[in-house]
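Take a look at the chain below.

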Amino acid sequence: MRFEIRHMRAFIAVAEELQFRPAAERLHMTQSALTRTIQHLEEAVGAELLSRTTRVVQLTEAGRTFLYECRLALGHIEKASLLAQAAADGKVGYLRIAYMDFAINGKLPMIIEKFLHTHPGIKVELFHIPSSKQKDALLESRIDIGFLIGPFESPTVSQLLVAREELVVLLPAAHPLADKPSISIRDLANEKFILGSKDSWEAFRAHFFALCHAANFSPLVAQEASTSDGIFGLVAANIGVALYARCVENIQRKGLVIRPLAGRNPPMETLVCWRKDIPTPTVDRFAQFLNDNAEEFGIAQEG
């Protein structure tokens, strides 16, 4: 069947007017051109769609069926056109966002909640990926946005500073240091530590060991865990102590005491990163959203 959208629009106009003259005026074409268009359409369809005499135009049974389907088809085409325009503007689409533990325990939930509220046409899928692996995934375009521990130096990546958090000390409730208002890293030199596993906490481990070595001691790692919940559980069970970002204060955990880490210690930086060399409307929308709401979320704006 070889006919075009213009044939369908012409047929709908005649079917609704049931006269060729007003239908032709509605379509801004001559009556003879409209007649030829309908004839071409009927030949393409292989059925008589209109029963016409010199005075009366009526829909045949085939015409009534074709009219119903034409309206559906044009509705889908118009919807497709609107969705395509919205996708080009970044109003609809899909975002793959990766995060690590500090982000999900910190600002990420409220950022995602507000973004979805203000951009209901964009679907977001979240992936828990360690910071070091996020960098590879971002550069290989397997994710669109990454919330990760910095730094991340790449000429193809844009980034915003989401959070700069001081570290805190996690202690079992019965620990002798739990009564102190703050704890220095040197106070922990002889403690057993609970540490995130290398495959999941590589970026944090580098920060942690650098901090201990700057205080002139090598930490004794009693046990490792792959998740924050695992770390919290092991500390609460009195297996050891741990360092964590201040966002842990958003979490209530029985048997866990949180104390500030005293002294001038390098903070943990959480960055949000995306490829700038591959323009993507939905990513651009997300980046603009972060800049527009930077003050509310405590994000360092671009520029």
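The protein chain holds 11 helices and 12 strands. Both are DSSP runs, numbered from the N terminus: helices are H or I with at least four residues, strands E with at least two. The model is predicted, so local features need pLDDT of at least 70 and side-chain atom pairs pLDDT 80 or more, while totals for chains, interfaces and linings use all residues. Residues are numbered from 1 along each chain as its sequence is written, and side-chain values use heavy atoms, with hydrogens and water left out.

Now the overall shape. Along its principal axes, the C-alpha trace spans about 105 × 40 × 30 Å. The radius of gyration of the protein chain is 32 Å, whereas a compact globule of 303 residues would have one near 19 Å. That radius is taken over C-alpha atoms, and the globule rule is 2.2 Å times the number of residues to the power 0.38. Of the 303 residues, 45% are buried (under 20% relative accessible area, 1.4 Å probe, protein chains only).

Next, helix H4. It covers residues 61-88, and its end C-alpha atoms are 41 Å apart.

Which residues of H4 are buried? They are Gly 63, Phe 66, Leu 67, Cys 70, Leu 74 and Ala 86. These pack against helix H1 (5-17), helix H3 (31-45) and strand S2 (57-59), with contact meaning heavy atoms within 4.5 Å. After H4 comes Gly 90, with a positive phi near 80°.

Methods:
The expected span of a helix is 1.5 Å times one less than its number of residues. Buried means under 20% relative accessible area, exposed over 50%, partly exposed in between (1.4 Å probe, protein chains only).
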